[in-house]
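Biologist: I'd like to learn how to read a few features here. Could you walk me through them?

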Amino acid sequence: MGKKVNAFQIIEEKIDALIAVMTIDEMIGQMTQVRHFDDISADDVETRFIGSVIHTQGPLPGETAADWQAKFTGLQKQALSTRLGIPLLFGVDAVHGQNTFEGATIFPHNIGLGASGNPDLVRQAAAITATETQATGFNWVFSPCVAIPFNEKWGRVYEAFSESTDITTELTRASVRGHQGDLLQSNSVLATAKHFIGDGATDFGVEGGNSSLSLDEVKARLLPPYQAAIEEGVGAVMASFNTLDGLSMHAHKELITDLLKGELKFDGIVVSDWKGYSRFGENDIINAGIDMVMAVDGDLEGFQKGLKDAVANGVVSLERIKDAVRRILRQKFRLGLFDNPFPDKKLIKKIGIKAHREVARQAVRESLVLLKNKNNTLPLQKDAKIVVVGEFGDNSGLQSGGWTVNWQGTNENYQGATTILEGFRKISTAEVAYDKDGSGNVDADIAVIVVGETPYAEFFGDIGGEMNAYQLTLTESHQQYIKTYAEKGIKVVMVLISGRPLVVTPQIEQSDAFVAAWLPGSEGHGIAEVLYGDYDFKGKLPHSWPKSEEDFRGKYGPNYWDDSIKPLFPMGFGLRFKKS
């Protein structure tokens, strides 16, 4: 304990020494986060004293991981050439693996990890993500999402572990522990608990909408995962797009400063979300407790000048600025960036390696939830005449969901991944047919029909939202696949690829066996391993499963907080081959 206290005191003394000599421009620079493209000119990192650089959808830093490291090393050298030589934080949305780099290991999205209920597996996945993220030049991830989704219409349900506070809290703890490990080691990253608070609890499941939960309900249902993250030493918390009783969370001083930083004693960085300064009240968000601002997409000049003017005019106190800078510097010291500011080239060879993919495949297996198994249709016999049906059956992009290669995901196969069909063909001793279009013109004893939602992220996935591209039910073409094979008298095993529970009651009735596979990521092979019986099912529903669209007539869908709506399957449901 003495050594830890001493180390903390040494860091705080170093921070004091830096802040004592910093100009207002240097302090505001530390509070500034920009993209490595578009937002900045060639020398802005140096002349504007930028504190953090992020990679998002847009031009890639390079073709190879070495190129990515070289890009960020160049920017880091600019930061180190300034008067005070304060290193940069490099952030990225690595939410189920280093999903912005094609060829990285892609894990099931958090909803699948929630179904596994396995904290050690979550820790391992986070640690691997940290290694592969550092290998591409980053030292900070915007993960985990610790939301508690109340309505499946929300387009980010899959980013969260569960509707259960207890499950989310336990897996949050494991995720932070895995990501951060020993922060002084080159294979660890700063983690971010997000989005504070109420992102998944908005009325009618609207991304960035209003939550009408009371403060007591927020504290009881939504706060425990943040408490757990803080106890594990999480380095950052990201503010949410939503409002709470009409007040923007970015400007909610009572919750950010008084509750998060005060009562919960969070000593890390509170970072805004996208364009938080211009969208949610400019200097109001700084006074509320935002420490670092995503000054992206045209916000850089307005943020830095606006905040400097606000300090000069007494709108924002210098002490509030110093507090923000102290929190940012604290994390840079914790990460050891002043001593080791550059990424480790030796990590590059670990991207997508077999050992990492084996853990991801285990995560796929443990995430699968068996909802129906009529007459022991499963496990499949390895010599059975099988046809895999549907475009989702042989497409790693479709099986992985949003935040995969691109922000909105990809509808194409991507490097290093294994499709579901490939997994079946690896295991079966008989030929496995493929009916991409669901024509039914295939001689088979069993049809494994793979259907679901095409990839989406954030508000694009809201059901009934401004994009209005998604629905609670399967598309007509996917419903027809099942109908075609069921009417032919062929046994139907349905595998649902989705970022949330859907209303599929008729399809469950038509199927002989039904598997919720969520968004499994790059290791599609794991599905066949379970369906053929090499492994038993372990997954349990992390959400209550709706029976009809009528279940969503109110603010929230069926969930265990509200027993007035009876689900088709309760949270925690999941069948096994073997009775236990």
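Biologist: Which strands form the open sheet with mixed pairing, and in what order?

Modeller: First, some ground rules: this is a predicted model, where local features need pLDDT of at least 70, side-chain atom pairs count only at pLDDT 80 or more, and totals for chains, interfaces and linings use all residues. Residues are numbered from 1 along each chain as its sequence is written, and side-chain values use heavy atoms, with hydrogens and water left out. Now, strands of a sheet pair through backbone hydrogen bonds, either parallel or antiparallel. Here the order is E6-E8-E9, three strands in all. Strands (E, at least two residues) and helices (H or I, at least four) are DSSP runs numbered from the N terminus, and two strands pair if DSSP finds at least two bridges between them. Strand E6 (210-211) and strand E9 (247-248) are the edges, each pairing on one side only. Strand E8 (residues 243-244) pairs with E9 in the antiparallel sense over two bridges, and Leu244 has Leu247 in E9 as its bridge partner.

Biologist: Which strands form the open sheet with parallel pairing?

Modeller: That one runs E5-E7-E10. Strand E5 (192-196) and strand E10 (269-271) each have a single partner strand, so one side of each lacks a neighbour in the sheet. The twist averages 25° from one strand to the next. E5 is joined to strand E7 (residues 236-239) by four bridges, with Ala193 opposite Val237 in E7.

Biologist: What does Lys194 form a salt bridge with?

Modeller: A salt bridge is a side-chain nitrogen of Lys or Arg within 4 Å of a carboxyl oxygen of Asp or Glu. The partner of Lys194 is Asp93, with the closest N and O atoms 3.3 Å apart. Lys194 lies in strand E5 and Asp93 in the loop between strand E3 (89-92) and helix H5 (110-116), so the pair ties together parts 101 residues apart in sequence. The structure holds 34 salt bridges.

Biologist: How do the axes of H6 and H15 cross?

Modeller: Two packed helices are described by the angle between their axes and the distance between the axes. The axes of helix H6 (residues 119-135) and helix H15 (residues 354-367) come within 10 Å and cross at roughly 145°. Axes are lines fitted to C-alpha atoms, for helices over the stretch in contact, and angles run from 0 to 180 degrees between N-to-C directions. Contact itself means heavy atoms within 4.5 Å; Leu121 and Ile128 are among the H6 residues that meet H15.
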